[in-house]
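Work through these exercises with the structure open beside you. Try each task before you read its solution.

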Amino acid sequence: MTGALLEEEWERLGLTVLSSDADRTLVLFASSEDMRDFRARLDAYQGGPPPGQKHAPYVNFVSGIESIGSVEPRDRIGPRLREEGFADVEDFVAQTSYLVDIELWDLGERRLRERKLEDVIRYVEARGGDVFDRYVGPSISMFRARLTGELLRTLLTVEEIAAIDLPPAPDVTTAEALDMVMADAPPLNAVADDAPLIGIIDSGVNDHPFLADILVGSIGVPADLGTADVWGHGTRVAGVAVFGDLRAQLDAGALQRGARLCAAKVVNDQGGFDDRRLVPSQMREAIATLYQRFGCRVFVIALADRRRVFDGGKVGTWAATLDELARELDVVIVVSSGNRSPRGGNRLEQAVTEYPRYLLEDANRLFEPAGALNVITVGALAHGEGLDPDRADDVRVRAITRLHEPAPFSRIGPGPGGATKPDVVEIGGTLIFDAVVARLRGGEDVGSAGVLTLHHSYLDQLFTAGSGTSYAAPRVAFSAAQIMTRFPQASANLVRALIVGSAEIPPPASERLQLLGADATRAIVGHGLVDLERAAFSDNARVTLYAEDEIALDHFAVYRIPIPEAFQAGGNGERCIRVTLAFDPPVRHTRNDYAGVGMSFRLVRGCQPDLIFDHYRKRDKDDGPFPELAPRYNCNLVPGPQLREKGTVQCATVTFKRGVEEYGDSYYLVVRCESGWATHVDRQQFAIVVELLQKADVQLYERVRQRIRVQA
């Protein structure tokens with residue numbers, strides 16, 4: 001297909017959609033009668049417009065079809081085999097033995113699928129293949145077998161077979177880590193006394209031996225909650241916040257902590273909030289106390305109100321309180337988007353077969369307080385398939401995701417007014433479908449399905465694992481702390497801008513979500529996966545410029561961006577400019593227009609600053625009409641202003657593939673502030689980050705630095 005996939009149209013014709021792929025290919029199943037109806041539509045379209053009509057019949061339906069053909073043998077080769085270099089039937093060596101999973105199409109009722117599966121299995125066994133396991137569920141039918149390349153080639157031609165692939169590769173590292181004892185743990189780094197602090201607002205943090213020397217203080221809000229982490233969630237969150245990717249560090253043989261900790265216990269030993277305290281007052285007391293007592297400026301809140309789904313209406317009081325605190329205290333607050341078990345009961349298999357479409361369901365919208373605008377809201381990506389060695393031989397246990405695809409439990413945006421939420425995504429583990437026990441299993445149940453972190457009862461076990469956006473959010477807090485290590489005086493706005501500006505949607509997520517559209521991709525993964533190195537450093541061919549500033553309401557500021565000659569030249573390959581703006585407006589949760597101040601930016605090239613100032617300044621009646629800026633002067637930033645200006649972190653990119661020498665060696669970034677209902681403020685603080693990226697090997701950093709020195 002070139003246009004919409006039109007699944008409903010196909011189904012009205014009696015054609016069953018068996019699968020849809022990232023390249024917009026549909027696989028359809030039809031009886032001969034259904035094919036006659038479809039052919040009749042094609043014939044009517046090819047006959048041209050009837051008398052008195054402008055278009056041929058079924059033009060919207062047929063014109064979206066690029067080509068039609070039968071499923072070829074190579075189309076049945078699964079993604080794991082393709083990654084190993086098996087692109088066509090001839091790639092399988094006739095006498096070589098292969099261990100594979102063979103899946104049949106969902107062609108109808110269970111008895112039909114059982115009969116088809118038995119037919120194929122009997123054929124495999126008659127040809128000398130060994131069948132080890134089989135599974136027939138409500139919609140999944142498959143078996144595992146060892147067979148020769150010659151037999152595998154034959155099976156690739158069988159119409160009822162949907163895919164042949166290698167079994168999932170189990171995660172051995174996690175299983176080994178969960179059994180590790182203190183004597184076998186890698187060495188632990190020392191952390192400087194002035195290292196950034198991360199505040200864990202959760203169930204408390206215990207003095208785990210990997211945390212005891214960097215836990216500077218704990219409080220209970222209210223005080224009678226105490227500080228001990230009995231529930232265990234806070235210590236698990238803290239482990240990710242301090243170490244980031246703990247699994248990778250264990251593989252590298254050294255444990256590197258990136259921050260110090262302080263903690264506020266705000267939920268009881270069963271994970272519930274206190275009956276006598278309002279959550280907003282708890283949040284204000286917890287964050288303000290950790291800020292004032294210890295100087296903490298990065299906070300992670302991996303908690304949510306499971307009874308309140310943000311439906312696009314007004315923001316709740318919890319979210320509004322966090323937005324107010326972020327602005328008042330100039331602190332970075334990171335929150336998780338929330339979790340949802342996608343399917344249960346007799347629909348359990350749909351967690352596999354309907355992924356990722358169910359992520360867009362209304363029931364999967366953000367939990368309160370993830371709709372807050374002045375915080376960083378974090379969704380989750382999967383770290384892989386999540387299968388462990390104990391289940392690797394059981395064909396009934398199925399992976400849902402692969403590396404860097406959206407986690408099947410992650411909740412989605414958009415946020416207030418259509419703002420991009422979640423802001424970013426990070427690794428949060430995955431789920432696996434286990435037909436043996438008839439449920440979806442995460443990292444708490446099967447360690448390999450989750451993110452590796454610290455166990456709250458360290459005398460019993462050093463490490464544990466978990467799946468959820470609760471483990472993605474502290475990964476972003478870890479990145480925020482590393483940025484503050486490099487820039488100790490950075491404002492919260494600058495940290496947010498650097499984090500969001502570094503994010504990219506990983507190719508696996510982009511490919512998996514392509515069919516759902518750009519709006520769906522943005523709602524699920526936001527601006528993408530954080531790249532800490534990109535956020536904190538420049539390199540030879542990538543330069544990051546930043547500014548922290550404030551601006552009067554209904555005013556604008558203009559920043560000059562130096563553009564070296566090497567960046568202008570088309571012969572030096574593709575070049576990009578990415579602009580990120582972050583600001584923290586006052587908010588009021590009772591208003592539909594939640595943010596009291598708006599901001600925006602434009603990137604202008606090829607004209608003099610005087611023209612830019614004259615175009616954007618306020619004009620009196622006697623001044624006459626404002627001078628127009630020709631369209632060619634405006635850089636075509638993507639996403640456009642209507643989409644990006646809905647949030648308080650706005651990020652957009654312009655890409656040049658040809659030479660732009662005619663526009664000169666200076667571009668101008670225009671930052672505007674528009675007043676709203678917040679008449680009690682007269683200035684708005686903000687930060688801007690501009691990244692120049694040259695994909696060719698050009699010494700861009702040194703040339704920009706020389707230009708800035710000359711201008712200074």
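**Exercise 1.** How many of the 11 residues of helix α14 (residues 492-502) are buried?

*Solution.* Note that this is a predicted model. Step one: set the cut-off. A residue is buried if its relative accessible area is under 20%. Step two: go along the helix. Ala-492, Asn-493, Leu-494, Val-495, Arg-496 and Ala-497 are among the buried residues of α14. Leu-498, Ile-499, Val-500, Gly-501 and Ser-502 are buried too. Step three: conclude. In α14, 11 of the 11 residues are buried, so the helix is largely enclosed by the rest of the structure.

**Exercise 2.** Find which element gives the most residues to the lining of the largest cavity.

*Solution.* Step one: count the cavities. There are 3 cavities of 30 Å³ or more. Step two: take the largest, with a volume of about 70 Å³. Step three: sort its lining by element. α14, α17 (532-536), β23 (575-583) and β27 (683-694) each give two or more residues. Step four: pick the top contributor. α14 gives the most, with 4 residues. The lining includes Ala-497, Leu-498, Gly-501 and Ser-502.

**Exercise 3.** Work out where the buried residues of helix α19 (residues 609-616) lie around its axis.

*Solution.* Step one: list them. They are Ile-612, His-615 and Tyr-616. The three cover only 85° around the axis, which puts them on the same side of α19. Step three: look for their neighbours. The buried residues of α19 pack against β22 (556-562), β24 (597-605) and β26 (666-675).

**Exercise 4.** Give the strand order of the open sheet of 4 strands, and find what packs on the sheet.

*Solution.* Step one: write the order. It is β4-β5-β3-β6, with antiparallel pairing. β4 (130-136) and β6 (161-165) each pair on one side only. Step three: follow one pair. Strand β3 (residues 97-104) is joined to β6 by 4 bridges. Ile-102 has Ile-164 of β6 as its bridge partner.

**Exercise 5.** Describe the second largest pocket by its volume and lining.

*Solution.* Step one: the volume is about 910 Å³. Step two: 36 residues line the pocket. Leu-303, Ala-304, Arg-306, Asn-339 and Phe-367 lie nearest its centre. Step three: β11 gives the largest share of the lining, 4 residues.

How values were computed:
Residues are numbered from 1 along each chain as its sequence is written. This is a predicted model: local features need pLDDT of at least 70, side-chain atom pairs count only at pLDDT 80 or more; totals for chains, interfaces and linings use all residues. Side-chain values use heavy atoms; hydrogens and water are left out. Two strands pair if DSSP finds at least two bridges between them. Contact means heavy atoms within 4.5 Å. Axes are lines fitted to C-alpha atoms, for helices over the stretch in contact, and angles run from 0 to 180 degrees between N-to-C directions. Buried means under 20% relative accessible area, exposed over 50%, partly exposed in between (1.4 Å probe, protein chains only). The arc is that of the directions from the helix axis to the C-beta atoms. On a 1 Å grid over the protein atoms alone, a cavity is a set of points where a 1.4 Å probe fits but cannot get out, and a pocket is an open set with protein on both sides within 12 Å along at least five of seven lines; lining residues have an atom within 4 Å of a point. Grid points are joined across faces, edges and corners, and a volume is the space filled by probe spheres set on the points.
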